[in-house]
Amino acid sequence: MQDPKLPKAATESTRQKNSALDGRVFDPLDLERVRRGFIAARTEPLIVDQQNRKVIDTASYDFLRDGRECPDTVNPHLWRHATLNAHHGLFNVAPNVWQVRGYDISNITFVRGEKGWVVIDPLTADSTARASLELISRHVEQRPVTAVIYTHSHADHFGGVLGVTSTEDVEAGRCQIIAPQGFLHEAIAENVIAGVAMSRRAAYQFGPLLAPGPRGHVDSGLGNSTPTAAPSLIAPTREISFTGEELLVDGVRIIFQLTPETEAPAEMNFFFPDHGWLCMAENCSHTMHNLVPIRGALVRNALNWSKYINESIDLFAEKTDVLFMSHNWPRWGRQDVRDFLTLQRDLYRWIHDQTMRQANHGMTALEIAELLVLPDEFLAHEHTRGFYGDLVHNVKAVYQRYLSWYDGNPANLNKFSPAKVGERYVDLAGGADRLLDHAEQAFQKGDYRWVVELVNHAVFAQPTNQRARILQADALEQLGYQSESATFRNAYLTAAQELRNGPPPRAEARVRARGLIKAMTIEQVFDTLAVRAISENLSGVALTVNWLFPDMAGTPDEKWVLGVSNRTFYYSQNRHDENASATVQISRKLFLEVIAQLTTFADELKSGGATIEGDAAALLKIFSNLDNFSTGFPIVEP
Ligand SMILES: [Zn+2]
């Protein structure tokens with residue numbers, strides 16, 4: 001008897017769909033590329049943090065490595081991609097370039113400088129970055145880290161920096177940190193306003209709550225799995241501010257190309273002119289990327305993205321012999337590199353142009369997503385297929401960027417919420433059982449997309465209806481088994497798991513990464529506080545509080561006014577209000593510790609870390625009316 005809480009087998013319909021795809025290898029050279037230059041792998045599969053908690057365990061992905069045939073519960077194309085991502089170890093990429101891959105979702109790259117290692121992208125977690133440095137120290141050479149380059153502002157490319165260097169080494173000038181212009185602001189900004197919602201939704205995208213295995217997690221598209229650890233951050237000591245800027249980094253000449261508003265808001269590619277190595281950051285990968293990730297984010301600029309790859313071709317392709325990236329494996333050979341870059345450039349341009357072409361014919365996002373099929377030129381290559389991003393989602397991203405989520409049809413202008421519309425659909429069907437009878441017939445025919453649309457109404461109308469929850473889980477699961485995109489698979493299977501077992505326990509959303517908070521600006525802190533304002537409690541409240549941050553003396557951040565007006569917060573920099581109810585004095589450093597919940601205002605007032613002049617109740621009016629968020633909120637049920 002099948003345990004109702006566990007994943008199920010593939011249906012006949014899924015088996016047929018998946019087996020029809022089996023056996024196709026897009027680019028046989030990819031297997032050579034992932035193996036090329038292999039030196040050694042870690043012998044211990046488990047990487048733990050300083051509290052001995054699991055960060056990553058490569059052994060749990062051994063099922064991908066035995067040359068085993070694709071199980072019928074995985075899309076065969078995704079299976080092959082996952083088996084390529086599952087290669088892990090230290091690899092020699094070029095005479096003085098090494099990569100450690102497969103111990104994190106991203107790659108760490110080591111370039112031999114005159115005195116030490118130039119590290120490109122120190123991974124997500126200190127522990128995985130440290131393990132990578134140990135691997136190269138053991139098998140190549142033990143050297144100090146003289147520079148760290150962050151290619152872009154996403155946490156999987158800087159979060160492990162403390163695993164390869166220290167704040168002391170950076171402050172003493174023994175290690176420089178190089179990043180694209182705007183890096184620090186953007187590294188924080190993406191997580192400020194929507195942080196809690198985004199991290200909950202990210203669990204659907206990356207699938208960390210799924211058990212690895214043929215009926216569970218197999219891949220994340222950019223790598224097998226994401227490490228479970230909070231990122232740290234050391235601020236850059238040198239920002240790259242223009243394309244063509246050249247630096248001598250520990251004796252190695254590097255030419256930078258800024259690519260803002262592409263895969264990340266702050267990102268850069270760079271070229272080693274004396275050696276013919278090109279780093280394309282995350283602007284290229286061995287997969288179609290996301291124009292908006294399903295975890296949610298601001299929509300990315302597909303047009304810029306394609307234009308900057310074109311610029312990389314113009315600037316560097318003629319002299320490039322090795323191309324490496326922040327995820328997946330490198331490419332070798334001048335012609336191969338040019339062909340690869342050309343296809344990547346054209347992919348984002350094609351999605352952009354064809355979406356807008358159809359939009360200008362009056363088609364809507366859903367219609368365009370249903371209509372567009374990736375042309376054979378892209379389907380023929382592993383790296384332009386959707387293992388991470390998915391065409392049907394990217395089309396909607398492009399549409400949204402120009403025309404918003406609204407399709408222009410007023411029938412969709414002010415729709416009922418899912419629970420309200422669910423009740424009405426259940427009613428229309430003649431009750432939940434009638435609706436579910438119909439959905440079960442559709443399930444038998446393998447029409448899973450229709451099943452999930454229909455049964456979603458029943459689950460939102462009657463969230464405790466077990467028959468509805470189980471049928472919905474079963475249909476979502478089959479969609480997951482059929483998905484080529486790892487992120488779609490993770491989302492479908494996580495949804496199925498939560499319908500069978502409920503969402504993860506609610507816990508207070510602690511600040512995700514205290515390491516990141518230290519880099520927040522005062523403005524970003526006030527913005528995070530403002531989205532926590534409990535508007536209902538602020539009727540009639542109108543006040544201002546002056547803030548003095550003595551450790552910011554001499555900068556515009558020394559003085560701030562924070563006010564409450566019409567149930568919202570507002571602030572002004574570089575001035576005080578002479579009619580303010582109170583003036584608070586606290587160092588920026590302590591203020592950030594209050595925000596990170598390492599200490600409290602009350603404690604700091606008691607111990608003298610903070611002082612308040614005037615009406616202390618005014619400050620309390622603000623801080624006692626801040627909402628608290630919790631993780632684990634429901635997604636696939638009301
Ligand atoms: Zn990344």
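Modeller: Leu548 stands opposite Gln585 in E21. This is a predicted model, in which local features need pLDDT of at least 70 and side-chain atom pairs count only at pLDDT 80 or more, whereas totals for chains, interfaces and linings use all residues. Residues are numbered from 1 along each chain as its sequence is written, and side-chain values use heavy atoms, with hydrogens and water left out.

Strand E18 (residues 543–548) and E21 pair in the parallel sense over four bridges; strands (E, at least two residues) and helices (H or I, at least four) are DSSP runs numbered from the N terminus, and pairing requires at least two DSSP bridges. Strand E22 (residues 610–614) is also joined to E21, by five bridges, and these two run antiparallel.

Buried here means under 20% relative accessible area, exposed over 50%, and partly exposed in between, with a 1.4 Å probe and protein chains only.

Strand E7 (residues 117–120) gives a second case. Trp117 and Val119 point one way from E7, and Val118 and Ile120 the other way, yet all are buried. Strand E6 (residues 108–112) is joined to E7 by four bridges in the antiparallel sense, and E6 and E7 form a hairpin with four residues between them. Ile120 of E7 is the bridge partner of Thr109, and Ile120 also has a bridge partner in E8, namely Ile149. The pairing of E7 with E8 is parallel and extends over four bridges.

Asp121 is found in the loop between E7 and helix H4 (126–139). Its phi is positive, about 60°, although Asp121 is not a glycine, and the residue is buried, with a relative accessible area of 1%.

Another sheet is open and has six strands in the order E11-E12-E13-E14-E15-E16, with mixed pairing. Its edge strands are E11 (246–249) and E16 (331–332), each of which pairs on one side only. Inside this order, strand E13 (residues 268–272) is joined to E14 by three bridges and the two run antiparallel; Phe270 stands opposite Cys279 in E14. The loop between E14 and H8 contains Ala281, a residue with a positive phi of about 50° although it is not a glycine. Ala281 is buried, with a relative accessible area of 0%.

The zinc ion is coordinated by Asp156 (OD), His157 (NE2), Glu282 (OE) and His327 (NE2), at 2.0 to 2.2 Å. Asp156 lies in the loop between strand E8 (145–149) and helix H5 (167–171), and Glu282 in the loop between strand E14 (277–279) and helix H8 (302–316), so the pair ties together parts that are 126 residues apart in sequence. Both Asp156 and Glu282 are buried. The donor residues follow the spacing D-H-x124-E-x44-H. Donors are N, O and S atoms within 2.8 Å of the metal (3.2 Å for Na, K and Ca), and sites may look incomplete because water is not among the atoms. The four donor atoms make angles of 85 to 174°, and the site is irregular.

A search of the whole structure finds two cavities of 30 Å³ or more. A cavity is a set of points on a 1 Å grid over the protein atoms alone where a 1.4 Å probe fits but cannot get out, and lining residues have an atom within 4 Å of a point. The largest cavity has a volume of about 120 Å³. It is lined by 16 residues, and Asn85, Arg101, Gly102, Asn107 and Asn328 lie nearest its centre. The second largest cavity holds about 70 Å³ of space, and its lining includes Asp57, Tyr61, Arg65, His88 and Gly102.

Note on methods
Tetrahedral: all angles 85-135°; square planar, octahedral: opposite > 155°, others 65-115°. 1 Å grid on protein atoms, 1.4 Å probe; cavity = no way out; pocket = protein on both sides within 12 Å on 5 of 7 lines; lining within 4 Å. Points joined across faces, edges and corners; volume = space filled by probe spheres on them.
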